[in-house]
Amino acid sequence: MLKAVNLTKRLGHLEILKGINLHIEKQKIACIVGASGAGKTTLLQILGTLDRPDSGQIEINQTDVLGIRGNKLAKFRNDQIGFIFQFHQLMPEFTAVENVMIPALLGGRKKDISMEKSKKLLAFLGLSERFEHKPSQLSGGEQQRVAVARALINDPAIVFADEPSGNLDSRNAQELHELFFRLRDEFQQTFVIVTHNEKLAAIADKQFEIRDGVIS
């Protein structure tokens, strides 16, 4: 599913990644852990094609993602990759359903089909009474579930999450973590999650720790 070989990245004179190697199979939850400033988010952005390494190789679903650029890369990212962020990144002027639909519409899918699928995903995530609510009308946990639905709308091969429970209280964080495992089992979804949450990392299928720019 995901294979990274000898990824390196420098920011100025600072060497952030010094040769990262990892392999994650389909339908697994993998957590990336490490101290603040260790390069976790940098690695996640590179794996998710939002940034490029200075050297190395990345394959997602047997596609050499570093070999494609521009519109082809943008299409691959929209079709094959889902993203979940710590602060939700929802559009405040749009309803829950409309927020979830955005990646599908960007991918050229029909509006009525996208809306129906958005509602099904939100209902699966326990938000059937929140279709027409805007983000300001939702709790933090509800906003994050909308973000999860948005990440899943295009049936991505893999979902990358950056501290997805970092802005939630303990109860909502636990519910979100349980949701990831339900999605793994029922949707055969693969997750790569950067987290400081020790409980989530402990129960993940795989755990990678970044230390001194490498996986230790």
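Buried, in this talk, means under 20% relative accessible area, exposed means over 50%, and partly exposed lies in between, with a 1.4 Å probe and protein chains only. Helices (H or I, at least four residues) and strands (E, at least two) are DSSP runs, numbered from the N terminus.

This is a predicted model, in which local features need pLDDT of at least 70 and side-chain atom pairs count only at pLDDT 80 or more, while totals for chains, interfaces and linings use all residues. Residues are numbered from 1 along each chain as its sequence is written, and side-chain values use heavy atoms, with hydrogens and water left out.

I start with strand β6. Four of its five residues are buried, so β6 is largely enclosed by the rest of the structure. The strand belongs to an open sheet of six strands with mixed pairing, in the order β6-β7-β8-β3-β9-β10. β6 (81–85) and β10 (214–215) are at the edges with a single partner strand each, so one side of each has no neighbour in the sheet. Two strands pair if DSSP finds at least two bridges between them.

Axes are lines fitted to C-alpha atoms, for helices over the stretch in contact, and angles run from 0 to 180 degrees between N-to-C directions. Contact means heavy atoms within 4.5 Å. Helix α5 (residues 140–152) lies across β6 and β7 (158–162), running at about 165 degrees to β6. Helix α6 (residues 170–187) lies across β3 (29–33), β6 and β8 (191–194), at about 160 degrees to β8.

Which helix crosses α5 at roughly 135 degrees? Helix α4 (residues 111–124) does, and the two axes come within 9 Å. That makes α4 oblique to α5; angles under 35 degrees count as roughly parallel, over 145 as roughly antiparallel, 65 to 115 as roughly perpendicular, and the rest as oblique. On the α4 side the contact is made by Lys117, Leu121 and Leu122, and on the α5 side by Val146, Ala149 and Leu152. These residues divide into five nonpolar, no polar and one charged. For that count, Ala, Val, Leu, Ile, Met, Phe, Trp, Tyr, Cys and Pro are nonpolar, Asp, Glu, Lys and Arg charged, and the others, Gly among them, polar.

Asn99 lies in helix α3 (residues 96–106). Is Asn99 buried or exposed? Asn99 is buried, at a relative accessible area of 0%. Leaving aside neighbours within four places in sequence, Asn99 is in contact with Leu90, Met91, Phe94, Pro135, Val146 and Arg150.

The other sheet is next. It is open, has four strands in the order β2-β1-β4-β5, and its pairing is antiparallel. Its edge strands are β2 (14–24) and β5 (63–64), each pairing on one side only. Two bridges join β4 (residues 55–60) to β5, with Ile60 opposite Thr63 in β5.

Val5 is found in β1 (residues 2–11) and is partly exposed, with a relative accessible area of 28%. Not counting residues up to four places away in sequence, Val5 touches Ile20, Asn21, Gly56 and Gln57. Val5 and Asn71 are 66 residues apart in sequence and 25 Å apart in space, C-alpha to C-alpha.
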